[in-house]
Amino acid sequence: MDYIDLNGQLIEEETGQDRLLTFLYTNAFGRMLLKPLVQPGISKLSGRVLSSGASRHLVNRFIKKEGIDMSDFPQRKYLSFNDFFTRKVKEGARPIDDDENALISPCDCRAQVFPILDNSNFSIKHTEYTLRSLLHSKKLARRFQGGYLYVLRLTVTDYHRYIYAASGEQSKMYRIEGSFHTVNPIANDYLPIYKENTREYTLLHTETFGDVIQMEVGALLVGKIKNLKDSCYAVRGEEKGFFEYGGSTIIVITEPGAVIPREDLLNNTANGLETKLLQGQAIGHKEG
């Protein structure tokens with residue numbers, strides 16, 4: 001999917017992976033091959049392989065192939081591929097927006113933002129969703145209708161640790177079991193991936209933005225969503241957890257009248273584009 005990079009430039013993108021995913025999701029034979037790949041057991045198996053010591057030999061090849069800039073990360077030896085994939089950035093490499101009225105991106109990502117209609121529906125690339133199916137909660141869906149939903153998509157080249165988007169009392173974690181489809185927008189054209197994929201979410205009761213939902217969505221070959229805390233006071237910018245190998249997504253949902261999304265995010269989304277962001281950058285500001 002085309003996106004706006006950190007310098008405001010339009011990047012038109014079509015990769016070999018995109019062509020492969022188009023085949024898997026649009027061709028009858030491709031869908032037959034895909035079916036076992038999206039089952040939880042395959043993601044767990046791949047996770048074990050990529051956490052083994054033998055997998056460390058994949059690291060340098062992956063860095064070179066994907067063109068990953070390692071200047072933001074300390075130099076060290078990695079014990080496995082997942083040890084590399086879940087690496088931490090250098091201190092100060094992801095500064096947090098110092099405006100306390102800014103809702104921040106919890107991750108490096110390509111972002112879009114969608115209004116939630118009064119019937120709790122929202123649309124991603126012509127695929128209709130409801131908050132009720134996403135959250136498995138009619139009560140929560142009613143509370144957030146009229147607000148905004150941010151889709152923050154991580155690619156395999158992104159930093160895969162994530163932080164809290166706001167400070168507040170964190171509820172318990174809710175986990176919804178499902179499949180592990182890719183979160184590449186190609187798949188969304190053919191399947192409602194965000195209501196089929198395994199996901200975890202928590203409710204943040206904040207003073208600045210009201211209630212905010214932060215949800216982690218697993219994806220193809222992501223065997224583990226690792227959240228570090230449960231039922232605690234969360235601090236804006238504090239590490240919340242990490243994903244192991246694969247692309248994945250974080251969804252942030254805000255109540256009506258609480259947050260005004262960044263204008264460029266709204267405009268780029270309306271034009272079918274994603275916007276590249278780094279962890280800690282603002283995605284919206286307190287309304288009023």
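This report describes a strand and its partners in a predicted model, and then turns to the charged residues around them.

The structure is a predicted model in which local features need pLDDT of at least 70 and side-chain atom pairs count only at pLDDT 80 or more, while totals for chains, interfaces and linings use all residues. Residues are numbered from 1 along each chain as its sequence is written, and side-chain values use heavy atoms, with hydrogens and water left out.

Helices (H or I, at least four residues) and strands (E, at least two) are DSSP runs that are numbered from the N terminus. Buried residues have under 20% relative accessible area, exposed ones have over 50%, and partly exposed ones lie in between, with a 1.4 Å probe and protein chains only. Strand β12 covers residues 211-217, and because seven of its seven residues are buried, the strand is largely enclosed by the rest of the structure. The side chains of D211, I213, M215 and V217 point one way from β12, whereas V212, Q214 and E216 point the other way.

Two strands pair if DSSP finds at least two bridges between them. Strand β11 (residues 199-205) runs antiparallel to β12 and is joined to it by seven bridges, and strand β16 (residues 248-254) is likewise antiparallel to β12, with six bridges. V212 in β12 is the bridge partner of L204, and V212 also has T254 in β16 as a bridge partner. The hairpin of β11 and β12 has five residues between the strands, and in this hairpin G210 takes a positive phi near 70 degrees.

Strand β11 is itself mostly covered, with six of its seven residues buried. Strand β9 (residues 168-170) pairs with β11 in the antiparallel sense over two bridges, and here Q170 has L204 as its bridge partner. Strand β10 (residues 174-176) is also antiparallel to β11, to which three bridges join it, and R175 stands opposite E200 in β11.

**Salt bridges**

A salt bridge is a side-chain nitrogen of Lys or Arg within 4 Å of a carboxyl oxygen of Asp or Glu, and the structure holds 13 salt bridges.

| Pair | Closest N and O atoms |
|---|---|
| R143 and D211 | 2.5 Å |
| R153 and E274 | 2.8 Å |
| K229 and E238 | 2.4 Å |

R143 is partly exposed at 30% relative accessible area, whereas D211 counts as buried at 14%.

R153 lies in strand β7 (residues 148-154) and E274 in strand β18 (residues 274-277), so this pair ties together parts that are 121 residues apart in sequence. Both R153 and E274 are buried. By contrast, K229 counts as partly exposed at 37% relative accessibility, and E238 is partly exposed with a relative accessible area of 22%. Elsewhere, D72, R94 and D108 are linked in a network of salt bridges.
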